[in-house]
Amino acid sequence: MSSAREKLTRLVDADDRFDHSHADLREVQIEAVNERFQDRKDRIKLLGHRAAEAGVSEVRSFDDVVPLLFPHTAYKSYPESFLIDERWDRLGKWLGTISPYPIAPIETADIDGIDEWIARLQAEGHYVSCSSGTTGKSAMLLASEQDMAWSRKDTVNVFAWGSGVVPARDRRMMGIAATAAVPKNLISGEAQEAAFGDPDKQRFRLPIPPLTVGALTKMVVLRKKMADGTAGPDELADFERTSKERQATLDNALVAAADALIEYRGDKLYLAGMWNALYQVAKLVRERGYAAKDFHPDNCIYVGGGLKRAQLPDDYQQFVHETFNIPHNRDFQNYSMQELNSGMPKCQKGDRYHVPPWIVPFILDEAGDALLPHETGEVEGRAGFFDLSLDGRWGGVITGDKVSLDFSPCACGNAGASIRNNIVRYADITGDDKIGCAGTVDAYVRGLS
């Protein structure tokens, strides 16, 4: 007999996966989360601690899940000294507090930087991805081989559903993004190319060095040292020089992207990137006299992430679409985050991001301590999620996002839960992001690591 979790995750290939109402899913989702909890409570130290503190031994309702959700800051709870001093043994012990799988000690004496440490962990089946950490510490997130396999499947399915593009391998892939070279990003990109890319047409990538975890963490560490005044003159000079070199490299890369788009304008294109880079390239293309009339009429676009504080005109999306002749039904946007393993694609009619059955959504108060009453209609608050597809870490997370979750049917015809396209970060609203349980979680994890 299939478990409740398997019943939900098997819907990943179902055409009607977003058409299951909250009322229909409620009981099986509670059962599935409890299955996961019973399997992991003694295997993930932080989860066992949270459950003991809250007195939760069984999940019987969605309220029982709330104290079991990890704040997104839990994945940043390692002491920064572990990175600054390159204490890979200690960092490995910290990872063990949030992993369901034992992380055996590895030889670290000869490791030259975090990228090599991550490669050695990956050889043992532990995939570590890091967030960009542009405003602070990088989150470090563990994934398993099973998670990598899921990402390959899910990324193709959500794009096909949200864009209406059939995976027919008939498009030239145009990557206009400087994304972090972390396992999930690399796996997803490979899967998209294998499904939608024409094998006879070489994929375009921005001609810039890959942004590795080592490069990301080096920037984060240096920003921290600059903020607290401990960065030396040589480090500051190196930061200034490196920043100028990277900006010049990126500027040249965007010119190369504009050249390539003009050259391949007759091909059916699959553009992927973030709004800022896409807008900058579109401006260059327009300046050379090219616009929608010059491009294939069935191009598509995959936009990842938000503006990342980029200042763009109000019509930036329309400008990009009109430049590259993107039909309204070929514009794909996805709501997700590194802490989850699945995507929530935006539909074409309701301007909502659709939550798949294996992701259980929660609307919490601002502190993330309590579930807001919600059985029907729409409610606004802090988003929490439980991703039942996750294997390499606990699936429950309290995010930094303020969202509006709707249980009513969408204009696109689907009856499943959906999130309005009005997502904002609490840090951008209040200048801070205080999750009630974050301090106790950090203190516990630091005590074990």
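Strand E8 (residues 331-335) and strand E9 run antiparallel and are joined by two bridges, and one of the residues involved is Asn334, whose bridge partner in E9 is Pro345. Helices (H or I, at least four residues) and strands (E, at least two) are DSSP runs, numbered from the N terminus, and two strands pair if DSSP finds at least two bridges between them. Strands of a sheet pair through backbone hydrogen bonds, either parallel or antiparallel.

This is a predicted model, in which local features need pLDDT of at least 70 and side-chain atom pairs count only at pLDDT 80 or more, while totals for chains, interfaces and linings use all residues. Residues are numbered from 1 along each chain as its sequence is written, and side-chain values use heavy atoms, with hydrogens and water left out.

E8 and E9 belong to an open sheet of six strands with mixed pairing, in the order E5-E4-E6-E7-E8-E9. Its edge strands, each pairing on one side only, are E5 (204-205) and E9 (344-345). Helix H8 packs on this sheet, touching E6 (269-273), E7 (300-303), E8 and E9, and the direction of H8 makes about 130 degrees with that of E8. Contact here means heavy atoms within 4.5 Å.

H8 (residues 145-163) also packs against helix H9 (residues 183-196), at an angle of about 50 degrees and with the axes 8 Å apart. The axes are lines fitted to C-alpha atoms, for helices over the stretch in contact, and angles run from 0 to 180 degrees between N-to-C directions. H8 and H9 are therefore oblique to each other, a word for angles left over when those under 35 degrees count as roughly parallel, over 145 as roughly antiparallel and 65 to 115 as roughly perpendicular.

Helix H13 (residues 316-324) has buried residues, among them Tyr316, Phe319 and Phe324; buried means under 20% relative accessible area, exposed over 50%, and partly exposed in between (1.4 Å probe, protein chains only). What covers the buried residues of H13 includes helix H11 (233-263), E6, helix H12 (275-287), E7 and E8.
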